[in-house]
Each structure stands twice: as C-alpha cells, then as structure tokens.
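Good morning. I have a few minutes on one structure, so please look at the screen while I talk.

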Amino acid sequence: MLSQENRLSFFLSFASLLGVLLIWQFSTLPQASRSPYGIPDGNAEYQRLMGRSAVASTVRSDFPTPGAFARNAIEVLHAPFHNNGPNDRGIGWQLGASLLRVMIGYGLATLVAVPLGFVFGLQPVIQKALNPFVQILRPISPLAWMPIALYTIRDAELCAIFVIFICSLWPILLNTAFGVASIRREWLNVIRTLEVRWPQRLFFVLLPAAAPTILTGMRIGLGVAWLAIVAAEMLVGSSGIGYFVWNQWNNLSLSNVILAVLLIGLAGMALDAALAFVQRSVRYAE
Amino acid sequence: MQNSPALSPTFAEPHDADALVQVSGIGKRYRPDGPPVFSGVSFDIRPGEFVCLIGHSGCGKSSILNILSGLEQPSEGGVIMDGREITGPGLDRGVVFQGHALLPWLTALQNVTFAVRARHRHMPRHEIREKAEHYLAMVGLEAAMHKKPAELSGGMRQRVGIARAFCTQPRVLLMDEPFGALDALTRGMIQEELLKICAQTQQTVFMITHDVDEAIFLADRVLLMSNGPDARLAEDAYNPLPRSRTRETMHHEDGFYTFRNHLVDFLVRRSALAQKAATG
Ligand SMILES: Nc1ncnc2c1ncn2[C@@H]1O[C@H](COP(=O)(O)OP(=O)(O)OP(=O)(O)O)[C@@H](O)[C@H]1O
Ligand SMILES: [Mg+2]
C-alpha cells in the first residue's frame with residue numbers, strides 16, 4: 001500500500017520526467033534555420049541560388065530527439081559487450097573497464113587509508129605531525145596529478161588507477177581518523193578494565209565503533225573516484241566510459257554521449273547505494 | 001601522608017592486616033597550579049565488605065574510583081591490592097560505569113559474552129555462552145538477552161552492566177553511581193537484587209552514591225567525603241543495622257534514624273565545615 005505522500009511524490013517524479021522529455025522533444029523539433037545574412041531561409045529560390053537544395057531549408061538539429069535517442073540506445077545496448085578491437089567496443093565493456101579501474105584504485109586507497117586512519121586516530125602525535133601534509137595534498141584536483149603521474153609512472157593504465165587512488169585516499173583517511181579518535185572514552189575504558197588483547201580490541205571494539213564514520217568516508221571517496229575516472233579517461237584513456245564519451249563526441253554521436261552520461265550517473269548511484277547498504281548494516285544506535 | 005588527626009582519627013592506624021585493598025594517602029591534582037581535587041585519602045576495604053562512598057558532586061568520588069580501577073593514576077599516595085600496587089586496570093577489579101558503557105552494536109548477551117571471553121580466554125564457546133546466560137539470568141534479563149542496549153530500558157541496561165562486571169568474577173566490584181539515572185522503583189528492585197547477589201557470592205564492593213538511603217541499605221561501611229577543592233575523607237562510619245535488613249523494614253530497625261540523621265547532617269552541614277577546617 002502506498003501512502004498518500006508516497007503516491008504524490010511518485011506522481012511528481014513521473015511528471016518531472018515527462019516535463020523534461022517534453023522540453024527535450026520540443027527543443028529538438030526541426031526548425032527553420034536562420035541565415036546569418038538576414039535573408040529568410042524559407043526562400044527556396046534563394047537557397048537554390050546559393051547551391052543548396054530546398055529540402056535542406058529546414059535543417060534538423062544535431063541534437064537527437066528523445067525518440068531517436070531511444071532507438072539508438074536500444075541498438076547500442078543490444079550488444080553492450082561486443083569487442084571488435086580498441087576502436088569498437090560496446091558501451092558495457094567500456095563501463096566495465098572504468099569500474100575495474102575504480103575498484104583497483106579505490107581498493108588500494110581503502111587498504112592504505114583505513115589502517116593509516118587508525119594510526120592517526122589512536123596516536124594524536126602522528127596525526128598532528130602529518131596533518132599539514134594531508135591538508136595540502138587533499139584539495140589538489142586529481143587531474144592536477146596527471147602530468148606528474150604520466151611522467152613518473154609512464155603507463156596510462158596505472159596513471160588512471162593512481163589518480164583514483166590519490167583522490168579517494170583523503171576522505172577515507174580523514175574520516176577513519178576522526179571516527180577512531182571520537183570513539184567514546186567509556187568503551188575504551190571497558191576494554192582496558194577487561195584486559196582485552198590488541199587484536200580483539202581492534203576487531204571487536206575499535207572497528208565496529210568507528211565503522212559508520214569510516215563508511216561515510218568510503219562513500220565520499222567512492223563518489224570522488226567515480227567523478228575523477230571519467231575525466232582521467234578522457235585525458236589518457238584508450239578504454240573506459242570517459243574515453244567512450246570523448247570518442248563519441250569526436251564522432252559527433254550525441255546520442256551515444258547522452259547514453260554514456262546517463263549510464264555514468266546510474267553506475268555512480270549504484271555504487272553509492274551498495275556502500276549505503278553496508279553502512280546501514282554497521283550502524284548502531286547509542 | 002599528612003592526615004589532620006581531628007578529621008580522621010582512625011586513619012593514623014596502620015592498615016588492617018586482612019585488608020584486600022589498602023588505599024594510602026592518595027590525592028589527585030589535574031592542574032599543577034591549582035589546589036588538588038582531594039588529598040590524603042586513606043582507607044581499607046576488607047574481603048566481603050560493601051563500602052559506599054558519599055560526597056557532594058565534584059568532590060572527586062569518580063576520580064577515587066578511577067584510581068582504584070587503575071584507569072587513572074594518583075598524583076600522590078598509592079593503592080595496594082593483595083599486596084601489590086595497582087598500576088593499571090585489570091580483570092581483578094570489575095567496574096560498573098556511571099553511564100552504562102555497554103557496546104551498542106552488541107546485544108545484551110554479546111556484551112556479557114565479550115567480558116566472559118576476556119576473562120576465560122581458552123574456555124569453549126558453548127561454556128562461555130552458558131556462563132553469560134547464567135549471569136544475565138541472575139539480574140533477571142533472560143527475556144531480553146538478544147536485544148541491543150538501545151532497545152533496553154535504562155534499568156535493564158544498568159543490569160546488563162552489572163552482569164558484565166560480575167561475570168568476570170572480580171576480587172572487587174567498583175560501581176560509580178550505578179543507579180543514578182534510574183527511577184525510585186527500578187532502583188529499589190535492582191538494589192535488592194544486587195544485595196542478594198553480593199551476599200551469595202561474598203562479593204567485595206566499593207560503590208559511589210549520592211543517595212543516603214541507598215548507602216544505608218547496601219553498605220557495611222559508609223565513607224564520607226568533605227567538599228572540594230582539596231576534599232578529604234572526613235568520616236568512616238560503620239552501618240549499625242543488621243545485615244538481614246530489607247528495604248521495607250529497614251526504617252524500623254533500632255538506630256536507623258540516628259545513623260541516617262548522622263549522614264544527612266554530614267552532607268548538609270559538616271561536609272562544608274570539614275572543608276573549612278582542612279583548608280584552614
Ligand atoms: N580529566 C579531568 N581533567 C581535569 N579535571 C577533572 C578531570 N576529571 C575530573 N576533574 C575535576 O575533578 C573534580 C572531581 O571530579 P569527579 O568526577 O571525581 O567528581 P565526582 O565526585 O565524581 O562528582 P559527581 O558526583 O558529580 O560525579 C571536578 O571538579 C572535576 O572538574
Ligand atoms: Mg562522578
């Protein structure tokens with residue numbers, strides 16, 4: 001049973017989608033092209049004089065109509081994983097390539113940032129000593145690393161992974177450090193009075209206590225990584241969804257560009273939803 | 001160790017030979033420039049004894065308990081337990097914290113199991129669980145074992161905290177206002193349970209409280225602290241009531257009102273006088 005409120009919000013969602021589609025449809029309707037010389041384009045004789053056919057007097061916009069987009073999308077998504085060499089790969093294949101890069105770079109970032117965050121959170125001295133560097137490195141756009149990475153690493157694939165790594169590292173590190181540092185003193189006192197040994201302290205108390213904050217950092221990190229991978233692949237890629245977008249733009253295939261942009265959004269949403277699910281499972285009420 | 005003889009005539013005596021815990025002239029100073037929170041605090045806790053510490057808010061009761069638990073170090077003096085100086089927290093002292101301090105991501109049973117496992121590292125899994133269940137049943141929580149702390153009432157949480165402290169079978173149980181946040185009814189119920197369990201297990205207890213009646217009901221001995229800053233242990237009063245007392249009949253016992261008036265009078269009037277005398 002849908003509640004009144006749910007029904008209303010569902011209706012509004014649907015209405016806004018319809019609105020967008022209508023605006024799209026109307027703004028891509030065929031329209032009379034305007035001559036830069038102020039002569040009505042509709043003048044067929046003039047057009048013929050200018051060596052153009054009269055048929056071309058009403059030019060179609062380059063931007064696809066919703067219908068054309070849908071037809072193209074169905075066609076493209078029909079074989080999303082086809083692979084006919086580097087210049088002709090399916091959109092699913094490209095998306096997969098991007099996801100794989102993100103998983104590797106982001107996975108490495110998590111493996112480094114979470115333990116380091118624990119050190120920061122448990123040892124305020126180390127946190128204090130290293131914090132200035134973190135604060136300088138953190139606001140650097142991942143793309144600014146690109147030239148340095150390209151020069152030192154020299155491998156485009158590793159470069160993209162490095163960019164993912166470096167941009168998702170900071171939010172995870174800082175959130176983990178914060179989460180560990182703000183573990184309630186009471187709980188630490190409990191494990192001290194119970195003489196709990198270090199591995200147990202770590203895995204049964206510190207980790208679960210800080211887990212919700214760590215996952216907040218991991219969600220931010222994954223979001224940043226997904227933003228960065230598209231840009232990075234536009235610059236250096238020979239595969240990946242960012243490369244695909246750029247390639248289709250060069251082919252002037254706006255339908256494919258729109259499709260790719262939509263898929264980027266959907267994939268980003270799915271990634272965040274997966275982590276949100278994990279976060280819900282480790283959340284606790286005090 | 002400088003104790004004003006007018007304040008604490010008994011403390012000049014040497015410690016009891018059979019004392020389990022010997023507190024000798026401890027003091028605590030959080031800031032080097034200001035006065036200490038308290039100083040020159042000495043007392044003994046004998047095995048099986050139930051000792052209550054009463055004093056006004058801020059006089060340093062929690063600090064004393066934290067020093068006994070080993071979570072904090074005294075600025076002066078020391079605490080000896082079983083012939084060894086206390087230098088850090090340990091399983092021989094169970095602590096019931098002022099806030100319940102349960103781990104919120106674990107159920108009541110898991111909280112207690114965690115403590116049992118800390119105490120008995122090599123015990124088989126099912127025995128650990130049985131033991132945890134036994135202690136939860138002892139505080140009347142069989143039905144709520146699988147609930148998380150957030151799903152329990154304040155009284156139930158506090159009882160889980162007590163079960164967790166008991167299940168490690170500590171030599172001394174240290175309790176910091178364990179019933180402070182509870183309503184009078186729940187409080188009375190848990191007090192009775194606690195007294196029953198302590199009598200059964202011969203548990204040695206050191207407990208902090210604000211409540212005079214709670215102290216009279218539970219304690220064999222009541223320690224009274226003067227007001228801070230630089231608070232002192234002003235009196236060490238033995239409870240004249242028989243150990244068979246119950247909460248309902250306690251006030252019919254001979255000497256109940258004399259003892260109660262003595263304690264209340266201390267808190268209302270003499271705690272401040274004692275401070276004046278101490279600071280001079
Ligand atoms: N970690 C600390 N750092 C600085 N000062 C502290 C610290 N802990 C306690 N104090 C001070 O020591 C004094 C005694 O604190 P304590 O918590 O021992 O009081 P208490 O008698 O338990 O009070 P209450 O009955 O309100 O719990 C207070 O004035 C408090 O401000
Ligand atoms: Mg206190």
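Let us start with a count of zero: between chain B and chain A there are 0 salt bridges. Keep in mind that this is a predicted model.

What do the two chains share, then? The rule finds 4 residue pairs in polar contact across the interface of chain B and chain A, counting pairs where both residues have pLDDT of 80 or more. On the side of chain B that touches chain A, the elements that give two or more residues are β6, residues 93-96, and α2, residues 108-119, both of chain B. Of these, α2(B) gives the most, with 3 residues. By type, that side of chain B divides into 14 nonpolar, 4 polar and 3 charged residues.

Now the extent of the contact. Chain B brings 21 residues to it and chain A brings 18. About 1900 Å² is buried between the two chains, and carbon and sulfur atoms give 71% of that area.

Salt bridges do exist elsewhere: over all chains, the structure holds 20 of them. One joins the side chains of Arg101(A) and Glu233(A), at 2.5 Å from N to O. This pair links distant parts of the chain, since Arg101(A) sits in helix α4, residues 91-122 of chain A, Glu233(A) sits in helix α9 of chain A, and the two are 132 residues apart.

That brings me to helix α9 of chain A, residues 198-236. If straight, a helix of 39 residues would span 57 Å at 1.5 Å a residue, but α9(A) spans only 45 Å between its end C-alpha atoms. Where does α9(A) bend? The bend is at Ala211(A), by about 55°, and a proline, Pro212(A), follows within four residues.

To recap: chain B and chain A have 0 salt bridges between them, while 4 residue pairs are in polar contact across their interface. That is what I have for today.

Technical notes. Residues numbered from 1 in each chain as written. Chains lettered and ligands numbered in written order. Predicted model: local features only at pLDDT ≥ 70, side-chain atom pairs only at ≥ 80, totals over all residues. Heavy atoms only, no water. Expected span 1.5 Å × (residues − 1). Bend = angle between axes of the 7 residues up to and from the residue. Contact = heavy atoms within 4.5 Å. Buried area = accessible area lost by both parts, 1.4 Å probe. Salt bridge = Lys/Arg side-chain N within 4 Å of Asp/Glu carboxyl O. Polar contact = N/O pair within 3.5 Å; in protein donor to acceptor, adjacent residues only side chain to side chain. Nonpolar A, V, L, I, M, F, W, Y, C, P; charged D, E, K, R; others polar.
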